[in-house]
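Please open the structure in the viewer and keep the selection tool at hand.

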Amino acid sequence: MIQSAIDSQLAQIPRSLYRLGEEVEVKYTKDWSGISGPLPEVVFLPRTEHDVALILAGCNELKHPVVTQGGLTGLSGGASPKSGEWVLSLERMRSIVELDVASSTITVEAGVTLQEIQEAAAEHNLMFPLDMGSRGSCTVGGFTATNAGGTQVIQRGMVRNLVLGLDAVLADGTILSNRNKLLKNNAGYDLKQLFIGTEGTLGVITGATFRLFPTRVARYTALCGMHRFDDVVSLLHLFQKKLPGLRGFELMWESYFQTVASLTGQRDPFPGPFPLYVLCEVEGADEQATRSQFEEALEDAFERNLVQDAILSRNEQERTNLWKIRDGVSELFSTFNPVANFDIGIPIASMAQFALDVEQKLKASFPQCHIFLFGHIGDGNLHLIASTGREEDVHRIEDTVFALTREVSGTITAEHGIGVSKKEWLHYCRSDEEIETMKRLKRSFDPNNILNPGRIFDL
Ligand SMILES: Cc1cc2nc3c(=O)[nH]c(=O)nc-3n(C[C@H](O)[C@H](O)[C@H](O)COP(=O)(O)OP(=O)(O)OC[C@H]3O[C@@H](n4cnc5c(N)ncnc54)[C@H](O)[C@@H]3O)c2cc1C
């Protein structure tokens, strides 16, 4: 469409709130999944929720589809524009509105990054217990719309557990503002839940109020070398019983650990390789007591023969170093591109057999396949990256893995969301009635299907 025609269509919207044609940068064409779309004709850049309302009301009147973008670190292609879609980026809405120490809450606009929240909280001896490798770029809007998980879910839950209030704008421009700071509030429907984890299909998040927690000064991480998956589960249960401050329990299979160690230039701290590596983190109010408690629990694990070797960090530097291999996942994407990338959820009782089956099935069909398994095992979330180096194999790999996931009543996505890349398998873990109810909600909130159309499901 020629630019002057678009300008006249958007006459109600100030010109400073959107870019057109040559003003549009390539960065708006794809998210981290690598699924890319065409250069959008229009990119909206609102500064306030009233701007968002004005923009959405205009697009709704024109029945023009819009895709919402945050930090573009999503891994399901949900934020990548499809042909003809305009982009709504929240990147200018970057204010920390209020940090309320008394109620331990922070109220922020949708474009604030996770790291900015963590740092703002830390200045007041508070902490925001969401953490993941994309912290520097992912934003409030994106991590709330995808109900992100991360490495501390076993202690504080997913984003849903951290949101107290939420501001959103509906497709017709209606502003729903709720800056609730109360932990308990049962006054009618809890409307914020409509926007958490619904991947921008029911409304655009413009801000949120999150819970903060007291900073625990003591933090220790241990890396354990282990032989058997059953021992990993026993170790998890032992630590959950003995360590009330357990906040992370990450598992890496040997191929993941050794490959990422070599790609990131990290030394294997143990004399020989292990089939499994567990990274666990504990926090507490007192340095000495937390460390002694952790040492005692580790000794117990050795006595029970669950752990074969272990290293416990002595200071913050060592703790950070121990996380480098787990945090180095992005190296796999650049080295083994293209990859099939999974964030499946598997009942913990089925996980050991699932890992064996998936490896066997993939190797049988794709002998050259590189397979890397790791995950947030404490909450049943298994990550799998598989690559033959051939784009044409990706879909068949996905089919194989999702079919196995279905057999064990798992979920095809535990944290990244469905987006566009997994929607053909949604029925593997949701009933027809559930999917139809989702569609009824969508039709009722967005009758013209302008918000992120074709994400999660097709209407
Ligand atoms: C290195 C790396 C590590 C990661 N680790 C984890 C992890 O441990 N756990 C985890 O859960 N995820 C992880 N992710 C993926 C994760 O989904 C994102 O980092 C984050 O949740 C997305 O935030 P974003 O701002 O980048 O959103 P985007 O990618 O911009 O968007 C994601 C989705 O949210 C929608 N959206 C964005 N903003 C809004 C808004 N304001 N209102 C409504 N909808 C909106 C988009 O349309 C899209 O559907 C990781 C990603 C990377 C690259």
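Select residues 348-365, which form helix H11; helices here are DSSP runs of H or I with at least four residues, and strands are runs of E with at least two, numbered from the N terminus. The expected span is 1.5 Å times one less than the number of residues. This is a predicted model, in which local features need pLDDT of at least 70, side-chain atom pairs count only at pLDDT 80 or more, and totals for chains, interfaces and linings use all residues. Residues are numbered from 1 along each chain as its sequence is written, and side-chain values use heavy atoms, without hydrogens and water.

Next, centre the view on Phe354, where H11 has a kink of about 35° (the angle between axes fitted to the seven residues ending there and the seven starting there). Phe354 is also among the buried residues of H11, with Met351, Ala355, Val358 and Leu362; buried means under 20% relative accessible area with a 1.4 Å probe, protein chains only. Show helix H6 (229-242) and helix H12 (394-407), which are among the elements that these buried residues pack against.

Now select Met226 in strand S12 (residues 218-226). Met226 counts as buried because its relative accessibility is 0%. Beyond residues up to four places away in sequence, Met226 touches Asp231, Phe274 and Leu306, among others (contact means heavy atoms within 4.5 Å). Finally, select Val108: its C-alpha atom is 42 Å from that of Met226.

Key:
Buried < 20%, exposed > 50% of the residue type's maximum accessible area, 1.4 Å probe, protein only.
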